[in-house]
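Trainee: Could we go through this model together, a bit at a time? I'd like to ask as we go.

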Amino acid sequence: MNINITKLTDSAKLPERGSAFAAGYDLFADLSEEVRIAPHETIMIGTGLAMEIPEGYFGGVFARSGLSAKEGLRPANCVGVVDSDYRGEVKVALHNDCEIERIVTPAEKIAQLVVVPFLSVEFSEVSELSDTARGEGGFGSTGKH
């Protein structure tokens, strides 16, 4: 699959794959200087990129495991969605879960993009749903014996 991409700034870096079998493509902070994120603060970090995700797919913006585990930084919305009709800059709302200030440096890997297919559906309102063995059992109900 080919995805058209535009660099909105000279400093923007194209997404990169960490290994041949990696599902995600690293997204980089397009910054002219480092940014400080206070404890429990969220800062919008641009990538300097705009792209054309093909119809029938979306770009899922996920946390990088190393950044979240070692630095306590993750996308504030946990998973961002880049729709196929969006043509603006891809940005990451980076949240600091730590009790200390964190620093994001220019060209630092801040998230990963996974291109995911989805089904377009229509919702039909009905008066009743079909019965199942689980029924209305909610959180934790399937782990009971």
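Trainee: Which residue of strand 12 does Phe58 stand opposite?
Mentor: Phe58 stands opposite Val116 in strand 12, where strands are runs labelled E by DSSP of at least two residues, numbered from the N terminus. Before we go on, keep in mind that this is a predicted model, in which local features need pLDDT of at least 70 and side-chain atom pairs count only at pLDDT 80 or more, while totals for chains, interfaces and linings use all residues. Residues are numbered from 1 along each chain as its sequence is written, and side-chain values use heavy atoms, with hydrogens and water left out.

Trainee: Okay, and over how many bridges do strand 7 and strand 12 pair?
Mentor: Strand 7 and strand 12 pair in the antiparallel sense over 6 bridges, and two strands are said to pair if DSSP finds at least two bridges between them. Phe62 has Gln112 in strand 12 as its bridge partner, and Asp26 also stands opposite Gln112.

Trainee: What about strand 3, how does that pair with strand 12?
Mentor: Strand 3, which covers residues 25-28, pairs with strand 12 in the antiparallel sense over 4 bridges.

Trainee: So what is the order of strands in that open sheet of 5?
Mentor: The order is 2-3-12-7-9, with antiparallel pairing. Strand 2 (16-17) and strand 9 (80-82) are the edge strands, each pairing on one side only.

Trainee: Back to the rings: how many aromatic pairs does the structure hold?
Mentor: The structure holds 1 aromatic pair, and for this count rings of Phe, Tyr and Trp (its six-membered ring) pair if their centres lie within 6.5 Å. The rings of Phe58 and Phe118 have centres 6.4 Å apart and planes at 55 degrees, so the pair is tilted, given that planes under 30 degrees apart count as stacked, over 60 as edge-to-face and the rest as tilted. Phe58 lies in strand 7 (residues 57-62) and Phe118 in the segment after strand 12 (109-117), so the pair ties together parts that are 60 residues apart in sequence.

Trainee: Which residue lies over the face of Phe28?
Mentor: Lys13 lies over the face of Phe28, at 4.1 Å from the ring centre, and a charge sits over a ring if NZ of Lys or CZ of Arg is within 6 Å of the ring centre and within 35 degrees of the ring normal.

Trainee: Changing topic, what is the order of the open sheet of 3 strands?
Mentor: That sheet runs in the order 5-10-8 with antiparallel pairing, and its edge strands, each pairing on one side only, are strand 5 (42-46) and strand 8 (73-75). Strand 5 and strand 10 pair over 5 bridges, and Ile43 stands opposite Leu94 in strand 10.

Trainee: Where does Ala93 lie, and what does it touch?
Mentor: Ala93 lies in strand 10, residues 91-96, and touches Thr42, Ile43, Met44, Arg74, Pro75 and Ala76, not counting residues up to four places away in sequence, where a contact means heavy atoms within 4.5 Å. Ala93 counts as buried, at 18% relative accessibility. Ala93 and Asn77 are 16 residues apart in sequence and 7.3 Å apart in space, C-alpha to C-alpha.

Trainee: Last one: what is phi of His40, and where is His40 found?
Mentor: Phi of His40 is near 65 degrees, a positive value in a residue other than glycine, and His40 is found in the loop between strand 4 (35-37) and strand 5. His40 counts as partly exposed, at 45% relative accessibility. Ala107 also has phi near 65 degrees, and its place is in the loop between strand 11 (102-104) and strand 12.

Technical notes. Buried means under 20% relative accessible area, exposed over 50%, partly exposed in between (1.4 Å probe, protein chains only).
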